[in-house]
Structure formats: C-alpha cells, structure tokens
Amino acid sequence: RCRKSSGSAHSANILVKADQFRWTRGEELVNRWELPEAQFYCTGWCSVCGSALPWKSRNGKGYLVPAGTLDDDPGSRPENNIFWASRAPWYANSSDLPTIDGGS
C-alpha cells in the first residue's frame, strides 16, 4: 500500500501520538480516504494541490505524518523499516548504492 500511494519503493512516515500533533492551519483542506478492508491504512491529501498530508489513525490514538511534507528537520531519524518482507522485488537498499550529489 505504501508503494501504491507514494508511487515509489516505500514511504517515509513519522508516527506521532494524537496529543503530540496539531494543525496550525489548513485542516479544512484535508481529504481522507480509508481502504475499507484494511485495519489501519488510510491516506490524506490536500484538496488544493494534491500533496500528501498527515492523517489521524482510525482508532484516534495517533497521526501518520508523511516525512517529505516537513519543511524543517523533525529532530529524529528513521528507526526501522516496517513491512520489509513485502518490499518490491526490484528494490535495492539505498545504503548499498553509490551516492551522487546531483542528477545523473
């Protein structure tokens, strides 16, 4: 589901408790879609530009924040890769690849 919604190999998300998250503006522009047969999966996006946006979990205990939407350093770093067993068969771990400072 992360590959389908992001259009990439994975998605980078930050999970936060509901009491640690608040909208400062634009909450009324958030659209939400829930996959009926999924226990947790949902997606949120901006009704103006289509960008991915944070969404509240179905049980209301937390928010999933797409890390790429942040303007500033959140002060934390990735801690794990979840659903590793269902990664795309073509995916190569990025830490195993050479780095290039610009486009190729």
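Contact here means heavy atoms within 4.5 Å. This is a predicted model, in which local features need pLDDT of at least 70 and side-chain atom pairs count only at pLDDT 80 or more, whereas totals for chains, interfaces and linings use all residues. Residues are numbered from 1 along each chain as its sequence is written, and side-chain values use heavy atoms, with hydrogens and water left out. With helices (H or I, at least four residues) and strands (E, at least two) taken as DSSP runs numbered from the N terminus, the chain has one helix and five strands.

**Overall architecture**

- Along the sequence the elements follow the pattern α-β-β-β-β-β, and the C-alpha atoms fill a box of roughly 40 × 35 × 25 Å along the principal axes.
- Of the 104 residues in the chain, 16% count as buried, where buried means under 20% relative accessible area, exposed means over 50%, and partly exposed lies in between (1.4 Å probe, protein chains only).
- Among contacts between residues at least 6 apart in sequence, 47% join residues at least 24 apart.

**Ser57 and its loop**

- Ser57 sits in the loop between β4 (55-56) and β5 (62-66), and leaving aside neighbours within four places in sequence, Ser57 is in contact with Arg32 and Gly62.
- The side chain of Ser57 also reaches the backbone nitrogen of Lys61 at 3.2 Å.

**Pro66 in strand β5**

- Pro66 belongs to strand β5 and counts as buried because its relative accessibility is 12%.
- Not counting residues up to four places away in sequence, Pro66 touches Ala12, Asn13, Ala52, Leu53 and Pro54.
- Between Pro66 and Tyr91, which are 25 residues apart in sequence, the C-alpha to C-alpha distance is 20 Å.

- Tyr41 is placed in the loop between β2 (30-34) and β3 (42-46), and its relative accessibility of 17% is why Tyr41 counts as buried.
- Phe83, found in the segment after β5, counts as exposed because its relative accessibility is 63%.
- The phi angle of Phe83 is near 55°, a positive value in a residue other than glycine.

**Cysteines**

- A disulfide is a covalent bond between the sulfur atoms of two cysteines.
- With a disulfide taken as a pair of cysteine sulfur atoms within 2.5 Å, a search of the whole structure finds zero disulfides.
- The closest cysteine sulfur to that of Cys46 is in Cys49, at 3.8 Å, and this is too far for a bond.
- Cys46 counts as buried because its relative accessibility is 12%, whereas Cys49 counts as exposed because its relative accessibility is 55%.

**Second largest pocket**

- On a 1 Å grid over the protein atoms alone, a pocket is an open set of points where a 1.4 Å probe fits, with protein on both sides within 12 Å along at least five of seven lines, and lining residues have an atom within 4 Å of a point.
- About 750 Å³ of space lies in the second largest pocket, the volume being the space filled by probe spheres set on the points, which are joined across faces, edges and corners.
- The second largest pocket is lined by 23 residues, of which Trp23, Thr24, Pro54, Thr69 and Leu70 lie nearest its centre.

How values were computed: A polar contact is a pair of N or O atoms within 3.5 Å; within protein, one must be able to donate a hydrogen and the other to accept it, and residues adjacent in sequence count only if both atoms are side-chain atoms.
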